[in-house]
Amino acid sequence: MNATVAPPGSTQRPEQIKAIPVRHPGRWVAIFVIFVVLAMFAHSVFTNENWQWQFQWQNAFQPPVLHGVWTTLWLTVVSMVIGVLLGVVLAIMRLSPNPVLSSSAWVYIWIFRGTPVLVQLVIWANLGSLYRQISLGVPFGPEWFTFDTRNLVPNVVAALLGLGLNEAAYMSEIIRAGILSVDEGQGEAAAALGLSRMQTMRRIVLPQAMRVVVPPTGNETISMLKTTSLVSAVPYSELFFQTESIGNRTFQVFPMLITASLWYLAMTSVLMVCQYYIERYYARGSVRTLPPTPIQRLRMRLTRADLR
Amino acid sequence: MVKAEQVHKWFGRDEVLKGIDLEVGRREVMCIVGPSGSGKSTFLRCVNHLEKFDSGRLSVDGELVGYRQRGDKLYEMRESEVARQRRDIGMVFQRFNLFPHKTALENVMEAPLQVKRQPKAEVRERAQALLDRVGLGGRGDAYPTQLSGGQQQRVAIARALCMEPKLMLFDEPTSALDPELVGEVLDVMRRLAESGMTMIVVTHEMGFAREVGDSLVFIDEGVVVEAGPPREVLANPQHKRTQAFLSKVL
């Protein structure tokens, strides 16, 4: 065995290795092929009359369509808020040592995940035909207050109930997974300090669960954007309903479907950017230093280009 | 301060604690040693009811842990009552268990703010003083991932002390640390012992036990095999099992 001790005070910088980097010819071929295919696709799309780009451009920004976009957005936001809040409650109930709470939550999740959203929307919208009246009183006995259900549930409420309550069932499983992913030692340390179960859940476990909960929740939100199209069964008008009616009226069904899709794509892209920044917020504390954002990386590249 | 009488614990069909008898006096530092799987950590966790013991009696400062005695009958304590008992008992874990989403100072402040509802300014001052005491006064704004293992464990000790406990439990506090970081944590523990805190330390650090401990307890296979002043037990182990264990460790 032979090892040489470095001489003291050696400050001269050793010569940097100048080697030819590994070549990746396959990558360049792939990029070329992809580029050609994309060019061909773009050409066909823009020259094929069936897509009716002129017609789409004329109608994509009409007031009813824009109103539909706005409705889709706030339906998504409100039903996700309902879904997340109720989902947290359900998840905590599922994990509770109290068997009444955990079974009730299980039954809720079973029913609302097990039936189609469309059916749930129709039931909420038509509560009046199922039950003419709802009354408060002694069960199986005298009734004190009576409500006429036909006016109790306006369409917008039915839409939000249908979407929100259904989403809560799915969200509760995502949140339960997030809670389970937090290290057991965290709960033990909190308990050893004397924190109650609720305090531990609210201040220690849930904030750490967010890191695992945010990506699938982003997924659910993006999915909800499109699920809102089902509220046309209530009936309640949003983006899909609006574009569909223009399409049916003008016999241009396919182009209007593409218009709707492009709108959904635009909204999804904005949500994806938001999700990225939300994930970074919750990653703080889990990694030593956060990697640079695409904007930060671009800035670094530009300043390096300036320096050269 | 702590009294254990014939404490038994089963995990399913496995009997882990087979009748632990020991007593820790006020201001005493008891070091518990033993091979892994002997039940020493399990016993420690029974003291603050993180584990429920199945038979026997365990009391801290005269109060039964986890159960209320009324006449002849034992009543299980509610969660809130157990939480109240735990306020006076601090625990330091092998893997630190600091809250990663909070800074060091916030970690230390968390329990007094939430559990004792003390005013924020007062807690902040006390927390900063504790961080100074463990040698991390300037690192209050750092997150746990930005601290070394030894630093994290010292923050964990400060966090437990901020609740002003009358008893401190240490579950192998230096076992997960690099050798060169062990010293700084043992230093803090020694100074804590000198200040008069009652401590139960499960450890493999025989040097610490000899210098700082008032009593050394050797637990093997769920029972106390030998107990006594550390220097005596380490120099002159009476039982064969103690001798066998110490010959491997020392």
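Rings of Phe, Tyr and Trp, the last taken by its six-membered ring, are paired if their centres lie within 6.5 Å. The views below are drawn from a predicted model.

**View 1. An aromatic cluster in chain A.** Phe46(A), Trp51(A), Trp53(A) and Phe254(A) belong to one aromatic cluster. A search over all chains of the structure finds 11 aromatic pairs. One of them is the stacked pair of Trp51(A) and Trp53(A), whose rings lie 5.7 Å apart, centre to centre, with 5 degrees between the planes. Trp51(A) counts as partly exposed at 21% relative accessibility, and Trp53(A) is likewise partly exposed, at 26%.

**View 2. The aromatic pair of Phe61(A) and Trp263(A).** These two rings are arranged edge-to-face, at 5.7 Å centre to centre and with 70 degrees between the planes. Because Phe61(A) lies in the loop between α2 (53–60) and α3 (63–94) of chain A while Trp263(A) lies in helix α12 of chain A, the pair ties together parts that are 202 residues apart in sequence. Phe61(A) is partly exposed, with a relative accessible area of 44%, whereas Trp263(A), with 18%, is buried.

**View 3. The surroundings of Thr293(A).** Thr293(A) is placed in the loop between α12 (253–283) and α13 (294–307) of chain A, and counts as buried at 5% relative accessibility. Leaving aside residues up to four places away in sequence, Thr293(A) touches Tyr276(A), Tyr277(A) and Arg280(A); the C-alpha atoms of Thr293(A) and Arg280(A), 13 residues apart along the chain, are separated by 9.1 Å.

**View 4. Charged ends over rings in chain B.** The charged end of Lys9(B) sits over the ring of Phe11(B), 4.8 Å from its centre, and that of Arg70(B) over the ring of Tyr75(B), 5.3 Å from its centre.

Note on methods: Residues are numbered from 1 along each chain as its sequence is written. Chains are lettered from A and ligands numbered from 1 in the order in which they are written. This is a predicted model: local features need pLDDT of at least 70, side-chain atom pairs count only at pLDDT 80 or more; totals for chains, interfaces and linings use all residues. Side-chain values use heavy atoms; hydrogens and water are left out. Helices (H or I, at least four residues) and strands (E, at least two) are DSSP runs, numbered from the N terminus. Buried means under 20% relative accessible area, exposed over 50%, partly exposed in between (1.4 Å probe, protein chains only). Contact means heavy atoms within 4.5 Å. Rings of Phe, Tyr and Trp (its six-membered ring) pair if their centres lie within 6.5 Å; planes under 30 degrees apart count as stacked, over 60 as edge-to-face and the rest as tilted. A charge sits over a ring if NZ of Lys or CZ of Arg is within 6 Å of the ring centre and within 35 degrees of the ring normal.
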